[in-house]
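Welcome! Please take a moment to look over the sequence and the model below, and then we will walk through a few of its features together.

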Amino acid sequence: MEKSRQKKIAAINDLTGFGRCALAVSLPVISHLKIQCCPVPTSILSNHVGYPEYFFDDYTEKLPAYFSMWKKLNLKFDGIMSGFLGSEEQILLVETFVKQFSEEDTIVVIDPVMGDHGRIAETYTEEMCHRMRRLVSLADIITPNLTEACKLTDTSYREKGWKKAELFAMAQKLHAMGPKKIVITGIPQGKFIANYMYQEKEEPELFRTYKEGDERCGTGDLFAAIIAADAVNGVDFVKSVKKASAFVRKCMMKSIEMGIEQKNGVCFEEILHLLKG
């Protein structure tokens, strides 16, 4: 790839107008970290599905033509990242995209958004979970939460009491699927939330931050966007995970301070200037 051009990340996710999640989070964060964010909208929503009502337009049928035009233009990407995928067909399309656009130096980051708190999303079928394992095998970095890591590795889920040896065994199984770097996020530890970092030829590490208030939508998207941008910028993986974790916590604190409605995610815009490359 040319060294003189600005780096680019293709970000595959839904575009939600209100609620601060998915591409509405990834685009400004990746741009702030001095990388051109090239969105691939899998669907269009007026607001996220945590609200009682929402407008929804599925973009699945349009994606092949979208990809085809990018291929015709011979576009190159330093990074590819994906978030929530709403159907088996979308997972297959992202798999095709990764195979078509990945080059030797392209970094692929997959956030296998499947569920949380031990529950897989109602829209996720067993076949979709199987397809997600295939997609994960194409990634360089994955950012599953505890529920998703358990599902991907057929490990029994529990909320508390995870030992480092158990997390290590699960990370090894994920690594055997293909990814070189893994961070298992959202591990409850009393007053803390922990992230378990695993990478080839390095000692694994457990990093904890204080929990701040109730959970908010979009924090996983925020975390994954920082990880993807940092990876493309050559930032050390452990440093990146710690930075992303600390920034998400600061965003949570700021949102509580400003009285932001929980459904409206985190007001990262207020402190984005604190996020350094």
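## A buried threonine

A residue counts as buried when its relative accessible area is under 20%, as exposed when that area is over 50%, and as partly exposed in between. Keep this in mind as you read, and remember too that the model is a predicted one.

Let us begin with Thr 42, which sits in strand β2, the stretch covering residues 36–47. Is Thr 42 buried or exposed? Its relative accessible area is 2%, so Thr 42 is buried. Leaving aside residues up to four places away in sequence, Thr 42 touches Ile 12, Asn 13 and Asp 14, then Asp 58, Tyr 59, Thr 60 and Leu 63, and also Phe 84, Leu 85 and Gln 90.

## One face of helix α1

Next comes helix α1, made of residues 23–32, where Leu 23, Val 25, Ser 26, Val 29 and Ile 30 are the buried residues. Looking down the axis of α1, you would find these buried residues within an arc of 155°, so they line one face of the helix.

What covers the buried residues of α1? The cover includes strands β1 (8–18), β2 and β4 (79–82), together with helix α7 (219–232). Just after α1, look for Lys 34, which takes a positive phi of about 70°.

## Helices α3 and α4 side by side

Now turn to helix α3 (residues 88–101) and helix α4 (residues 126–136). Their axes come within 9 Å and cross at roughly 10°. Angles under 35 degrees count as roughly parallel, and α3 and α4 are therefore roughly parallel to each other.

Which residues make the contact? From α3 come Glu 88, Ile 91, Leu 92, Val 94 and Glu 95, while α4 brings Glu 127, Met 128, Arg 131, Met 132, Arg 134 and Leu 135.

## Salt bridges elsewhere in the chain

How many salt bridges does a search of the whole structure find? The search turns up 15. One of them pairs Lys 180 with Asp 140, with the closest N and O atoms 3.1 Å apart. This pair links distant parts of the chain, 40 residues apart: Lys 180 is in the loop between α6 (164–177) and β9 (181–189), and Asp 140 is in the loop between α4 and β8 (141–142). Lys 180 is partly exposed at a relative accessible area of 41%, whereas Asp 140, at 18%, is buried.

Another salt bridge joins Glu 205 and Lys 242, whose closest N and O atoms are 2.7 Å apart. Glu 205 lies in strand β11 (residues 205–210) and Lys 242 in helix α8 (residues 237–258), so this pair ties together parts that are 37 residues apart in sequence. Both partners are partly exposed: Glu 205 has a relative accessibility of 28%, and Lys 242 has a relative accessible area of 29%. Finally, Glu 166 forms a salt bridge with Arg 158, where the closest N and O atoms are 2.5 Å apart. Glu 166 counts as partly exposed at 30% relative accessibility, and Arg 158 is partly exposed at 30%.

Methods. Residues numbered from 1 in each chain as written. Predicted model: local features only at pLDDT ≥ 70, side-chain atom pairs only at ≥ 80, totals over all residues. Heavy atoms only, no water. Axes fitted to C-alpha atoms, helices over the stretch in contact; angles between N-to-C directions. Helix = DSSP H or I, 4+ residues; strand = E, 2+ residues; numbered from the N terminus. Parallel < 35°, antiparallel > 145°, perpendicular 65-115°, else oblique. Contact = heavy atoms within 4.5 Å. Salt bridge = Lys/Arg side-chain N within 4 Å of Asp/Glu carboxyl O. Buried < 20%, exposed > 50% of the residue type's maximum accessible area, 1.4 Å probe, protein only. Arc of directions from axis to C-beta.
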